[in-house]
Amino acid sequence: MASVQQAFLVTGAGGDHRRVPVGASMTVGRGGSCDLVVRDLAASRQHLEIRRVAHGYECRDLDSRNGTLVNGEAIAVRRLDDGDEIRIGKTLLVFSLHNEIEAPPVGKTVFLQTIIEPSGSVKAPPSSRSKELLEAAYTLMNSLSSNFNPCELVDNILSTTMRAVRAQRGAVLFAGGNGELKPCPECGHVHTIRDGIPRSAGLGEIEISESVATRVLRNGENVLYQSARSDQVIDPSASIAALNLTSILCVPIRTQNAIHGILYIDTDVADHDYSEDDMLLAAAAGNSAGLALENARIHRDLLDKQRIDQDIEAAWTIQEGFLVRDWPIDDPRLDVYGLTRPAKVVGGDFYDFARLDEDHVGLLIGDVSGKGVPAALTMALLLAEFRLCATGADSTAEVLRRLNERMVGRSRRGTFCTAALVALNLRTGNLMAANAGHHPVLRISGDRVTTILPASGPPLGILPGIDWSDDREVIKPGETLLLYTDGIAEAKRPNGEATEGRDDGEYGVKGLEKVARERSGDGPQVLIEAILDDVDRYCSPLAPHDDCTMIALRYHGHAG
Amino acid sequence: MKIETTVTADETIIAVEGDIDLYSSPELRTAVLKAVPRATTGVGVHLGGVTYMDSSGVATLVEGLRSAKENGKTFSLVAPSTSVMKVLELARLDSIFEVRSG
């Protein structure tokens, strides 16, 4: 704060008093070119001047017709002291010198002109006026916090503010991309109120001072414009004069980061000027409106998100439809069961079971890189293509080769897929398998658990022309094959520490082996559900961070 | 994750440190896809300081490899850490990428 004392001219009293900074000099008179315009018939066009001089301020009468009184004495030039009363006709101005630190304004406030009304024209006692404004502020706050409909909010804000400042007409306009004025983005109309009646208007239908509105939108200033007709500076387009406006109140609708629009109120009623108190209320309304509209937007984003979530859940239902759930129960040679549990609503893991011919079945498991919807879509496509590629192929490697060529052709952003495919001859127990970058297969024989059929090539979808090899094994009746994905093998302890001697703290093959031994007498479904429970316990209290998928087949042998 | 790109006369080296996961891999992706077309002969991604790499990290490297092939550039993985090597070996990605020790 500068130590220089600030000089003000004060008029009115109580809640209606106004303070006008004097600066280095100030002319006062009836004419529009004066720094301070008084609407008093007794005032001359150029009535008096107040100037800063060596050790204070002086008041000089500019040869006015009716003269200037300071503290009741007619003067030509007179030094001014704090509290001196200057009278022009019926208008009383009080000269005030203060070091006063002003309360920070709500926004940057520009006083364009201040008309000092004859003191006899104060309409209501100040105390009741303050109460009205307080009540308006309270009403505003209440309506804002309980409404998420942007258009209703705008109407509420406008009508409450206009009632409080006793305005005849007003409008709310929004900011376009290039700082231009736009109608409400919600309904496409400009919200206006005229004589208490709300109306939706087209942008071209409303009459406002565009220069004032644009200025508020661009600079974020609160503008109070009083007796605009006499001013020559603010509106080069002269729209104010053309519209016969006497007073304008215009404030930004803002949040911390942006100006979203403006609240604009004007009047063409003579002798109706909006006051600084009116402007402060409007400025507060503008700030609250920004916040409320932002709230409404966030509320709607939340609703949109809920809708998207519902769509994704529906997508998962569709995706699940691709997965086998009707496990064969009519073939005494095998029991088979599989499941996938996505970490998010939808997953990129998949499994499949197919009868290739009377004596052959195929087991497939896969894991598309990434998570969520993109992975789920790729997975759905792959699953459909797997059934296509499996038709007429005479080896597991051939199926993967076909799948790879299809996937490479449309893979984006490095998406790839690990997959293991096992074909079992139910007559002989002969296995043929091809593994594209996937985990090996777990072979469970009583309490003997081994890993077989490791990856013989990279994942699908990376490069064209890859050949995988067909690996072979033979399994005996009573043995179980378990195929699983990363979500199981790489399930982690919540603290990420290595435990029970497992590498990197991951659940790993060791975890699988433990449950497999405990459940060696049980069928695939019991085994898989026991593993899933164990993985959940392992990760607890967190949920596994990846999709968990398994498919298991127990071979009973071929009778006869 | 920390990334440092060094352009030399023949190869652009992108040195990565820390975890390459769902959250950090987009940054690596930007660095790799920017470096590939500008590199004189090719790009080497130094993975010696990588503590963890998930499938989004692998996807980023795969995209880099494909971009290099399209641009007629080389693409290699330099001195991968043990944890990266484990991921590459398990998925047999070591058969796809050129991996060198230094």
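Axes here are lines fitted to C-alpha atoms, for helices over the stretch in contact, and angles run from 0 to 180 degrees between N-to-C directions. This is a predicted model, in which local features need pLDDT of at least 70, side-chain atom pairs count only at pLDDT 80 or more, and totals for chains, interfaces and linings use all residues. Residues are numbered from 1 along each chain as its sequence is written, while chains are lettered from A and ligands numbered from 1 in the order in which they are written.

**View 1. Helices α9 and α10 of chain A cross at roughly 135 degrees.** Helices (H or I, at least four residues) and strands (E, at least two) are DSSP runs, numbered from the N terminus. The axes of α9 (residues 508–518) and α10 (residues 524–539) come within 10 Å. Their angle makes α9(A) oblique to α10(A), because angles under 35 degrees count as roughly parallel, over 145 as roughly antiparallel, 65 to 115 as roughly perpendicular and the rest as oblique. α9(A) contributes A:Gly511, A:Leu512, A:Val515 and A:Ala516 to the contact, and α10(A) contributes A:Leu527, A:Ala530, A:Ile531, A:Asp534 and A:Tyr538; two residues are in contact if their C-beta atoms, placed from the backbone, lie within 7 Å. By class, seven residues of this contact are nonpolar, one is polar and one is charged (Ala, Val, Leu, Ile, Met, Phe, Trp, Tyr, Cys and Pro count as nonpolar, Asp, Glu, Lys and Arg as charged, and the others, Gly among them, as polar).

**View 2. A cis peptide bond joins A:Ser540 and A:Pro541.** Omega is about 10 degrees at this bond. A:Pro541 lies in the loop between α10 and β29 (548–555) of chain A.

**View 3. An open antiparallel sheet of chain A has five strands.** Their order is β21-β22-β23-β24-β27; two strands pair if DSSP finds at least two bridges between them. β21 (349–357) and β27 (471–474) are the edge strands, each pairing on one side only. On average, neighbouring strands are turned by 20 degrees against each other, direction ignored. Eight antiparallel bridges link β21(A) with β22 (residues 360–368) of chain A. A:His360 in β22(A) is the bridge partner of A:Asp357.

View 4. β3 (residues 25–29) and β5 (residues 48–53) of chain A pair in the antiparallel sense over four bridges. A:Arg51 in β5(A) stands opposite A:Ser25.

**View 5. A:Asp63 has a positive phi.** The value is about 50 degrees, although A:Asp63 is not a glycine. A:Asp63 lies in the loop between β6 (56–61) and β7 (68–70) of chain A.

**View 6. Chains A and B meet in a contact of 14 residues from chain A and 13 residues from chain B.** The side of chain A that touches chain B has six nonpolar, seven polar and one charged residues. The model scores ipTM 0.85 and pTM 0.61.

View 7. The pLDDT, the predictor's confidence in each residue from 0 to 100, averages 82 in chain A, where 87% of the residues score at least 70. Chain B averages 91, and 100% of its residues score at least 70.
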